[in-house]
Amino acid sequence: EDDFQFLLCEGCRQESPNLKLLTCLHTLCLGCLGKNEPTRQCPVCCTAIPQASGIPDMDNLLFTNLQARLRVYRQMVDGADLFCGNCRKSGEFWCSECFEFLCTKCFEAHQRYLRGESHRAKRVMDIRAGSARDFLEGIRRTGSLSCSNPDHRSQPVSIYCQRCEKALCCSCALLDNQHAPFRDIRSETQRRQEELSSMERELRRRRSGLEATYASLQGEAARLEEAQREMRELIRQRVEQLVRLIRQEEEELVGLVEARQEQGRRELARELRHVEGVLRRMEAGERLVEKMSLYATEQEVMDMQPFIKGSQQELQRLQPPAARDQTEPGPFAECRARLQAL
C-alpha cells in the first residue's frame, strides 16, 4: 500500500476513478476540483487552471489504469469473486490482454485460439505468490498500442507517423498516402520516454537554484522580523525618555514601522508562495515521469507525453526571482533618522 500512495488524489488523499492531470502536473479528483472551482487554481501550488469550468481536459490515464490493475491484483490476493468471464465458474487463470478470469476449460480454449495473438494467461496462484510490482510489470510487457483510427482498434500497431504524431496500423500506413515519414513505434515510445527523462534531469538541476532562492527569501523574512522587533524595542526605549509632549511622535513612528513591515511581509509571502508553487510543480513532474518509466504502457506514454512535455517546457521557461539586497530594510532607516532628529 505504501508503494502506491502516489495514485491517490493529491487533494483529499482518496482513491478515485476520475483523476485529472493539471498543467502543473498535480493530480486531483473531480470532487476536489469541484470544491475548488471558484478559484480556478490548483489547491496544492496555486497554479491557474486555464479551463473556464475549472476542470482540466487531460485524464491521468496512468494513475487511473494502475488503480484498475491493482484492484484486480487485490481481488486475486483476497481470493474473492474470481469467476470465469465466459461461464461464471471458478477462475483459475487470468489473461492480461482480455482482462478477464478464466476457468480451466475456458483457459484451454483460450490458449488454443488466442496464444498466437500474444494473449498470455497466467495462473492466479502464481500471480498471487508474486508482488504487485511483478504483476504490473507483467501487464506492462504484454500491453499493446491501439491504432489511432477508431475503425482499426483491433489492428496491431508498429508504425508511428511523424507528420500527424500518431500510432498507426499497417492498413493506415499503406492505404493513406498522407501519412509519412514513418518511424518504428517502439523507437518512438523509447524516444518520448527518454525525452521526458532528459527534461526531468534538467528541471532537477534548475530546482537547486530555486531552492536556494527559496531559502534566501526565508532568511530575508526572518531578518525582517528580527529588524522589526529590534526597531520597536529601540523606539520604546527612546520614547520612554521623552516628555509627554512627544508621545504623539512615538505613536507615529511605531505605526510607520508596522505599516512598512506589513507591506514587506506581504511582498515576501507572495514571492515565497510563487517559488513554493513552482517547486511543487517540479516535484509533481519528477514523480509522474518516474512512475511512467516504471509502470506506463506504450499507449499511456503516447497519450500523455505531449501534455507532460508542454508542462515541463513551461517550467523550463520560468526564471527564479532576483536575489534581494541584504542591507537593512529601507523603512527602518527613515525611522532612525527621525529618532536622531528628536
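How many bridges join strand β3 to β4, and in which direction do these strands run? The legends below describe a predicted model.

**View 1. Pairing of strands β3 and β4.** Strand β3 (residues 93-95) is joined to β4 by three bridges, and the two strands run antiparallel. Within this pairing, Phe-93 has Leu-102 of β4 as its bridge partner.

**View 2. The open sheet containing β3, β4 and β5.** Three strands form an open sheet in the order β4-β3-β5, and their pairing is antiparallel.

**View 3. Crossing of helices α2 and α8.** Packing of two helices is described by the angle between their axes together with the distance between those axes. For helix α2 (residues 61-78) and helix α8 (residues 247-295), the axes come within 11 Å and cross at roughly 45°. The helices α2 and α8 are therefore oblique to each other. Their crossing is left-handed.

**View 4. Residues at the contact of α2 with α8.** Helix α2 contributes Leu-62, Phe-63, Leu-66 and Arg-69 to the contact, while α8 contributes Leu-288, Lys-291, Met-292 and Tyr-295. By residue class, the contact of α2 with α8 comprises six nonpolar and two charged residues, with no polar ones.

Technical notes: Residues numbered from 1 in each chain as written. Predicted model: local features only at pLDDT ≥ 70, side-chain atom pairs only at ≥ 80, totals over all residues. Heavy atoms only, no water. Axes fitted to C-alpha atoms, helices over the stretch in contact; angles between N-to-C directions. Helix = DSSP H or I, 4+ residues; strand = E, 2+ residues; numbered from the N terminus. Parallel < 35°, antiparallel > 145°, perpendicular 65-115°, else oblique. Left-handed = near helix turned anticlockwise from the far one by under 90°. Contact = heavy atoms within 4.5 Å. Nonpolar A, V, L, I, M, F, W, Y, C, P; charged D, E, K, R; others polar. Pairing = 2+ DSSP bridges.
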